[in-house]
Amino acid sequence: QVQLVESGGGLVQPGGSLRLSCKVSGFNFEKNAMDWYRQIPGAQRAWVARIDVKGITDYVDSVKGRFTISRDNAKDTLYLQMNNLQPEDTAVYYCNLVFSTRDWGQGTQVTVSS
């Protein structure tokens, strides 16, 4: 029943920016902390950022100062603003609930290359 639809990925040059969106349905978005993850081929999915129900955020060290997680509860949408992108940020990006990761969306591809 949980639905997670990521969008906003694309091809950008190093130093560029993207804003990812995650439109959710099937659960009470406002009452759930949310995460962003990323995955590269052959590697395990890795946690990137978290926002709780009060708007408190946390990030993996490698993206601190460059990425900003936010949410618009009225739109049931989670965002990830990604600035100063680097080749090592290339991955498929996914969103999910902190409470449960039983379901996953299709992800959105971010490619950083010159």
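A residue counts as buried under 20% relative accessible area, as exposed over 50%, and as partly exposed in between, with a 1.4 Å probe and protein chains only. Asp 76 has 30% relative accessibility and therefore counts as partly exposed. The structure is a predicted model, in which local features need pLDDT of at least 70 and side-chain atom pairs count only at pLDDT 80 or more, while totals for chains, interfaces and linings use all residues. Residues are numbered from 1 along each chain as its sequence is written, and side-chain values use heavy atoms, with hydrogens and water left out.

The overall fold comes next. The chain has zero helices and 10 strands, where helices (H or I, at least four residues) and strands (E, at least two) are DSSP runs numbered from the N terminus. In sequence order the pattern is β-β-β-β-β-β-β-β-β-β. The radius of gyration, taken over C-alpha atoms, is compared with a globule rule of 2.2 Å times the number of residues to the power 0.38. For this chain the radius is 13 Å, close to the 13 Å that the rule gives for 114 residues, so the chain is as compact as a globular protein of that length. The C-alpha trace spans about 40 × 25 × 20 Å along its principal axes.

Of the 114 residues in the chain, 41% are buried. With a contact defined as heavy atoms within 4.5 Å, residues 24 or more positions apart account for 53% of the contacts with a separation of 6 or more. The chain exposes about 6,200 Å², of which carbon and sulfur atoms supply 46%; such areas come from the Shrake-Rupley method with a 1.4 Å probe, and for residues only the protein chains shown count as cover.

Attention now turns to the aromatic side chains. Rings of Phe, Tyr and Trp (its six-membered ring) pair if their centres lie within 6.5 Å; planes under 30 degrees apart count as stacked, over 60 as edge-to-face and the rest as tilted. In one of them, Tyr 37 and Trp 104 are edge-to-face, at 5.2 Å centre to centre with 75° between the planes. This pair links distant parts of the chain, since Tyr 37 belongs to strand β4 (residues 34-39) and Trp 104 to the loop between β9 (91-97) and β10 (108-112), 67 residues apart. Tyr 37 is buried because its relative accessibility is 15%, whereas Trp 104, at 29%, is partly exposed.

Tyr 94 and Trp 104 have ring centres 5.9 Å apart and planes at 85°, so this pair is also edge-to-face. Tyr 94 lies in strand β9 and Trp 104 in the loop between β9 and β10, so the pair ties together parts 10 residues apart in sequence. Tyr 94 is buried, with a relative accessible area of 11%.

A charge sits over a ring if NZ of Lys or CZ of Arg is within 6 Å of the ring centre and within 35 degrees of the ring normal. Arg 45 lies over the face of Trp 104, 3.6 Å from the ring centre, and its charged end also sits over the ring of Tyr 94, 5.1 Å from that centre.

Two loop residues complete the picture. Most residues other than glycine have a negative phi. Asp 76, in the loop between β7 (67-72) and β8 (77-82), has a positive phi of about 50° although it is not a glycine. Asn 84, in the loop between β8 and β9, likewise has a positive phi of about 50°, and Asn 84 is partly exposed at 40%.
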